[in-house]
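The following account is intended for a reader who meets this structure for the first time.

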Amino acid sequence: MILDTTLQHPQAQIALVISRIYNRGLTTTSGGNISTIDSENNIWITPSGIDKGSLTAKDIICVKSDGSIIGNYKPSSEFPFHKAIYEARPDVKAIIHAHPPALVSFSIVREIPNTNIISQAKQICGDIGYAKYELPGSEMLGKEIAAEFVKGYNAVIMENHGTVVGGKDLADAFQRFETLEFCANTIIYGNQIGTPKFLSNEIIDAFNTQIPEPLVEMLEVAHDSKEREKRTEICNIVNRACKQGLMISSYGTASARWHGNDFLITPTGISRWDLQPSDIVQIKNGEREPGKIPSRTTYLHQQIYESHPEINSIILTQSPYLMAFAVTGTKINVRTIPESWIFLKDIEQLNFGYQYDSAHEIPNWISKEKPLILISNDCALVVGDGLLQTFDYLEVAEFSAKSLVMSSSIGKMVPINDEQTEELRKAFIK
Ligand SMILES: [Zn+2]
């Protein structure tokens, strides 16, 4: 099911978002609550004490503007702070509160995650507020949190408790929630292997000026069967990546070669969780499908397809363990286990800014042999023959990065040596 904040009933929207949050391991069965306020000022909210793993639309409670309650259960015990935020900030129409592990880590050491690690994260989360500890469910907690929203923050760390984020709708709030937890994870993992580096506000502000003009629109568009097949394939891979935490709503691009150097690519500005085949953008003879805006990285994909006939698909994403290396500049050594080295070889990391100043040179850094590079404070770029192979490389890389982060607390990694890699090359590569 896709999230449609324009036409879907609030109950269906809330049930869908809570299931995504629960299935991604970002809330427990009992913890967390979600609400949205409709055009008649009714607040729709998750019920109190009901299993988050099996909530359905009909379980969602409506608290009418006159205070009367419609539903089979009691509204969430944290209803007071949801109400306080809506009263304080009429532009906030949806709220997500939960205790996701990485943000709780920040809340218990009483720190705010610095979202300047990646441009998009800062732009989506903004500066983060901080609400002092108060009794859960109390009016005082509501006051503390609402006071932070009044200051203009859309995301707040709750001291020794968790986080609360607001948005103009549930899709906006979910994207902010997911992005903030991603930042927190990346900073935590980064600190285990090095020191995270942060981008300045000036660099982040300049980010938007770096967006190239979209390609010109083609006059007529035709969709052959292979083209339609690729659209579905891209949507399936992107959805799978979101479910596995390898991609988040706000960032990530996938493309697949179609005929010659023509290809299909994900659009810009649409949640990765909700991509539909009709959202995918066709790029043919250097022109884009009319009425659609393809990913801002379309030129890069085009250059890679033109210079590497053997590459048929590309994924750009920010997965938390790989990004821990990309934000610290720590070398990622995938001579960990045979599979990792056979698939990925030795991974290069390009400096931040390279993707703007020297974008045309990026194809020189990748090949079928060396399918993954990292760009500091930006992304992981992975290529392959088909989309599934590219996705597999991404999974292998993220697993390897995870093992390296985890191993850092128990000992020094001993890599497979040159002789052993040579033996692997002869046995498995050529
Ligand atoms: Zn809570």
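In this predicted model, the second largest pocket receives at least two lining residues from each of four helices: H3 (101-108), H6, H10 (320-328) and H13 (387-407). Helix H6 makes the largest contribution to this lining, with five residues. The volume of the second largest pocket is about 410 Å³. Its lining consists of 20 residues, and those closest to the centre are Arg24, Gln244, Gly245, Pro320 and Tyr321. Sorted by class, the lining of the second largest pocket comprises 10 nonpolar, four polar and six charged residues.

The largest pocket has a volume of about 610 Å³. Among its 30 lining residues, Gln175, Gly269, Ile270, Ser271 and Arg272 lie nearest the centre. Two elements give two or more residues to this lining, namely helix H4 (119-125) and helix H6 (170-193). The lining of the largest pocket is made up of 14 polar, eight nonpolar and eight charged residues.

Histidine 99, by contrast, counts as partly exposed because its relative accessibility is 31%.

The model contains six aromatic pairs. One of them joins phenylalanine 263 and tyrosine 305, whose ring centres lie 5.0 Å apart with 45° between the planes, a tilted arrangement. Because phenylalanine 263 belongs to strand S10 (residues 263-265) and tyrosine 305 to helix H9 (residues 298-307), this pair ties together parts that are 42 residues apart in sequence. Both phenylalanine 263 and tyrosine 305 are buried.

How are the rings of tyrosine 354 and tryptophan 365 arranged? Their centres are 6.2 Å apart and their planes stand at 85°, so the pair is edge-to-face, the class for angles over 60 degrees. Tyrosine 354 lies in helix H12 (residues 354-357), whereas tryptophan 365 lies 11 residues away in the loop between H12 and strand S15 (372-375). With a relative accessible area of 16%, tyrosine 354 is buried; tryptophan 365, at 34%, is partly exposed.

Conventions: Residues numbered from 1 in each chain as written. Predicted model: local features only at pLDDT ≥ 70, side-chain atom pairs only at ≥ 80, totals over all residues. Heavy atoms only, no water. Phe/Tyr/Trp six-rings, centres within 6.5 Å; stacked < 30°, edge-to-face > 60°. Buried < 20%, exposed > 50% of the residue type's maximum accessible area, 1.4 Å probe, protein only. 1 Å grid on protein atoms, 1.4 Å probe; cavity = no way out; pocket = protein on both sides within 12 Å on 5 of 7 lines; lining within 4 Å. Points joined across faces, edges and corners; volume = space filled by probe spheres on them. Nonpolar A, V, L, I, M, F, W, Y, C, P; charged D, E, K, R; others polar.
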